[in-house]
Amino acid sequence: MSLDQKSALRVAQVLNEALPYIQRFIGKTVVVKFGGNAMVDEKLQNSFARDVILMKLVGMNPVVVHGGGPQIGDLLDKLSIESRFVDGMRVTDSETMDVVEMVLGGTVNKQIVNLINKNGGRAVGVTGKDGLLIRARKLRRKEDTAGLHASEIIDIGHVGEVESVDTGVIDMLINSDFIPVIAPIGVGKNGESYNINADLVAGKIAEYLKAEKLMLLTNVAGLQDKAGEVLTGLSTLEVDGLIADGTIYGGMLPKIACALDAVKAGVTSAHIIDGRVPHAVLLEIFTDTGVGTLITNSVLEREEESA
């Protein structure tokens with residue numbers, strides 16, 4: 001089926017707009033955290049897969065990190081294992097950790113690998129335990145004790161934080177022309193498994209890979225001001241100010257903090273993007289307008305990124 005002249009012109013305009021971005025990002029690494037609606041809606045799943053495949057084909061190095069909280073919750077319910085949370089983090093005893101590994105390292109990871117492969121890409125799935133990719137330590141939460149000038153340490157089980165990332169496994173896959181798909185499970189010094197927040201894993205991997213971009217897919221349009229307008233082109237100093245004045249609060253704080261830490265650690269830019277939009281990843285990378293919030297380390301970098 002041939003295109004009419006108007007449609008053909010629009011295709012040419014899109015490609016022309018994308019060209020300078022393609023040229024700029026050849027050879028660059030982009031870490032994408034895959035989650036939210038994009039992970040459960042079939043159309044969005046396929047648009048995401050095609051996005052990362054196209055990135056690979058034009059010479060970029062996409063690295064996918066995924067979550068799987070809802071899928072873990074569903075299986076725990078089926079097994080009659082109670083889900084408990086502290087500050088939004090799943091309390092993970094040994095029994096729950098077995099389920100987490102089964103779901104994240106098995107079911108979800110292989111589904112994403114298959115999704116990319118069936119759309120024409122070449123993906124390989126790993127967990128942070130493979131090749132000791134993600135060294136982790138136990139995460140301990142502190143909670144103020146009522147009436148006392150002290151904090152109580154809350155043990156939330158096999159919940160961890162990233163201690164270090166050995167990028168050798170990722171580099172090997174990238175250099176072999178594969179797209180790495182990483183489940184956020186870390187390994188402790190004694191071989192114990194840890195469940196780690198996928199945003200935090202994506203941020204740390206981006207930091208250790210010295211990535212060009214960290215992209216966090218969400219179920220919102222982006223970081224919003226107090227009037228509900230999406231903010232973009234922000235420097236880290238501006239984001240710090242938005243946290244201080246209460247514009248950023250609640251559930252968005254951990255995600256923004258992850259993006260902020262990555263950029264401050266040397267990642268060129270972080271993007272909070274709307275995963276409910278088809279081809280959100282491509283739109284954010286290869287178009288002038290984008291579909292989310294861009295955070296960079298300085299006003300100069302911000303202006304260059306949006307130029």
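## Chatting about G68 and its surroundings

Q: Which residues is G68 in contact with, leaving aside its neighbours within four places in sequence?
A: M39, V103 and L104. Contact here means heavy atoms within 4.5 Å.

Q: What kind of model is this?
A: It's a predicted model, where local features need pLDDT of at least 70 and side-chain atom pairs count only at pLDDT 80 or more, while totals for chains, interfaces and linings use all residues. Residues are numbered from 1 along each chain as its sequence is written, and side-chain values use heavy atoms, with hydrogens and water left out.

Q: Where does G68 lie, then?
A: In the loop between β2 (61-66) and α4 (69-78). Helices (H or I, at least four residues) and strands (E, at least two) are DSSP runs, numbered from the N terminus.

Q: Is G68 buried or exposed?
A: Buried, because its relative accessibility is 7% and the cut-off for buried is under 20% (exposed is over 50%, partly exposed in between, with a 1.4 Å probe and protein chains only). G69, which lies in helix α4, is partly exposed at 34%.

Q: Where does UniProt place the feature "binding site"?
A: The unreviewed entry puts it at G68, G69, R90 and N195. UniProt positions follow the numbering used here, feature names are shortened, and annotations may be inferred rather than shown by experiment.

Q: Why do they gather at one spot, when they span 128 residues in sequence?
A: Because no two of their C-alpha atoms are more than 11.8 Å apart.

Q: OK, new topic. What's the order of the strands in the open sheet?
A: The eight strands run β5-β8-β2-β1-β11-β13-β14-β12, with mixed pairing. Two strands pair if DSSP finds at least two bridges between them.

Q: Which strands stand at the edges?
A: β5 (123-127) and β12 (234-235), each with a single partner strand, so one side of each has no neighbour in the sheet. β5 pairs with β8 (residues 179-183) in the parallel sense over five bridges, and T127 stands opposite A183 in β8.

Q: And the largest nonpolar core: which residues touch the most other members?
A: M55, I116, V281 and I285, out of 43 residues. Such a core is a set of buried Ala, Val, Leu, Ile, Met, Phe, Trp, Tyr and Cys residues joined through side-chain atoms within 4.5 Å.

Q: Which helix gives the most to this core?
A: Helix α5 (residues 94-118), with 10 residues. There's also a second, separate core of 41 residues, including V65 and L242.
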